[in-house]
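Please read these notes with the structure open beside you.

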Amino acid sequence: MPETPAKNEAIGKNLTIDGNRLWNSLMDMAKIGPGIAGGNNRQTLTDEDAQGRDLFKRWCEAAGMSVGVDAMGTMFATRPGTDPQARPVYIGSHLDTQPTGGKFDGVLGVLAGLEVVRSLNDLDIKTKHAIVVTNWANEEGARFAPAMLASGVFAGMHDLDYAYGRTDTAGKTYGDELKRIGWLGEEEVGARKMHAYFEYHIEQGPILEAQDKQIGVVTHCQGLWWLEVTLTGKEAHTGSTPMAMRVNAGLAAARILEKVQDVAMANQPGAVAGVGQMIFSPNSRNVLPGKVVFTIDLRTPSQEKLDGMRAIFEKEIPNIAAELGVGCTIEAIGHFDPVTFDPVLVGRVRDAAEKLGYSHMDIISGAGHDACWAAQVAPSTMIFCPCVDGLSHNEAEDISPEWAAAGCNVLLHAVLETAEIVE
């Protein structure tokens with residue numbers, strides 16, 4: 001990352017975004033794909049996702065940006081810089097949500113990027129580097145695993161055919177659904193080159209609120225493995241099959257869940273593991289399951305612990321299943337190593353928070369983000385906003401307008417330091 005020209009040191013404290021406009025944009029986007037309890041259900045490549053994309057595109061074009069789309073459906077809205085040869089500064093996150101998601105996870109980062117551009121337009125500020133606001137497709141992975149799929153293809157971690165072949169629970173493929181909603185772009189995935197990448201996101205944890213900090217300066221992101229376990233037993237009547245004659249995939253799953261907890265606790269501090277989804281088949285109350293499928297989500301910022309925990313699971317889970325006569329397969333369906341964000345960009349975020357008078361602290365991201373893959377191809381960093389009770393992936397997810405604006409102001413200043421104001 002090149003040093004910032006001295007003239008950018010003069011960016012004043014009074015340079016701020018329009019907090020009301022940012023909040024109103026968040027609330028307008030939340031009207032698309034409303035949930036059943038105050039949040040949102042705008043899963044990737046659904047009709048609701050398409051409607052959210054349409055609104056975002058209209059807003060970007062009204063702000064004078066051109067919008068490109070790549071072959072994974074990721075949207076890139078560009079505000080030109082004065083130097084066409086200078087690589088753009090990217091600001092990104094995602095508009096897709098969990099099935100019972102909140103109004104801010106991902107959306108805050110995309111619309112904060114838009115607000116940065118709108119504010120620069122209001123103030124007639126030009127930058128040497130173009131600024132590109134990005135809506136990455138399928139960050140959540142709720143419908144098509146793995147998470148961060150489009151940014152993963154962009155960074156060369158997955159190939160396009162693999163991504164297009166991912167299926168949802170109804171057997172529909174990513175490629176077919178991308179065509180169906182009309183957002184299959186022509187741009188080659190990963191062809192764009194970045195000068196730097198910034199991502200603004202709610203913390204999705206309780207630390208900032210508990211510490212009474214307005215800004216999280218994200219220095220690292222935990223590594224992750226998603227291990228999909230498939231257990232094969234024998235369907236049988238729960239009332240008439242003797243206990244000693246059962247091949248019970250459900251019992252194997254229960255014992256494996258205990259092992260997941262034990263392994264995570266043995267790797268404290270700084271490691272987590274759990275199971276959030278489990279599918280029984282045939283899922284009838286009086287039939288022992290013939291098949292159980294679930295995913296172990298394990299995370300830690302330590303590469304040694306990440307590799308060690310995975311090795312334990314892959315060794316011991318088949319043994320647990322075998323003791324009960326249950327078949328077992330394990331497939332890794334999601335992964336990234338721990339990420340260290342660019343120290344120059346991290347420093348700019350920290351300096352912006354200091355200059356603007358916001359309380360702040362360094363923090364490690366417990367969740368995965370598109371920035372984890374962007375960091376493989378360009379200098380990258382993140383900014384965190386507190387969220388009430390640390391609640392996320394939940395319709396009750398909440399932040400305050402003041403929190404949203406504070407982080408967006410830090411984003412504005414850090415981006416300007418990097419994109420270089422032209423006087």
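1. Between domain 1 and domain 2, the count of salt bridges is zero. Here a salt bridge is a side-chain nitrogen of Lys or Arg within 4 Å of a carboxyl oxygen of Asp or Glu. One residue pair, both at pLDDT 80 or more, is in polar contact between the two domains. A polar contact is a pair of N or O atoms within 3.5 Å; within protein, one must be able to donate a hydrogen and the other to accept it, and residues adjacent in sequence count only if both atoms are side-chain atoms.

2. A word on the source. This is a predicted model, where local features need pLDDT of at least 70 and side-chain atom pairs count only at pLDDT 80 or more, while totals for chains, interfaces and linings use all residues. Residues are numbered from 1 along each chain as its sequence is written, and side-chain values use heavy atoms, with hydrogens and water left out.

3. Domain 1 covers 5-222 + 338-419, and domain 2 covers 223-336. These bounds come from an automatic or database domain assignment. The C-alpha centres of the two domains lie 33 Å apart.

4. How do the domains meet? In contact (heavy atoms within 4.5 Å) are 16 residues of domain 1 and 15 residues of domain 2. The area buried between them is about 1000 Å², and carbon and sulfur atoms give 66% of it. Buried area is the accessible area (1.4 Å probe) that two parts lose on being put together, summed over both. Q222, P338 and W373 supply 52% of what domain 1 buries against domain 2, more than any other three residues.

5. The whole structure holds 14 salt bridges. In one of them, D49 pairs with R53, the closest N and O atoms being 3.3 Å apart. Both lie in helix α2 (residues 47-62), four residues apart, about one turn of the helix. Helices (H or I, at least four residues) and strands (E, at least two) are DSSP runs, numbered from the N terminus.

6. Two peptide bonds deserve a look. The bond joining Q268 and P269 is cis, with omega about -5 degrees. P269 lies in the loop between α8 (249-266) and β10 (272-281). From S281 to P282 the bond is also cis, with omega near 15 degrees. P282 sits in the loop between β10 and β11 (287-288).

7. M148 is in the loop between β5 and α4.
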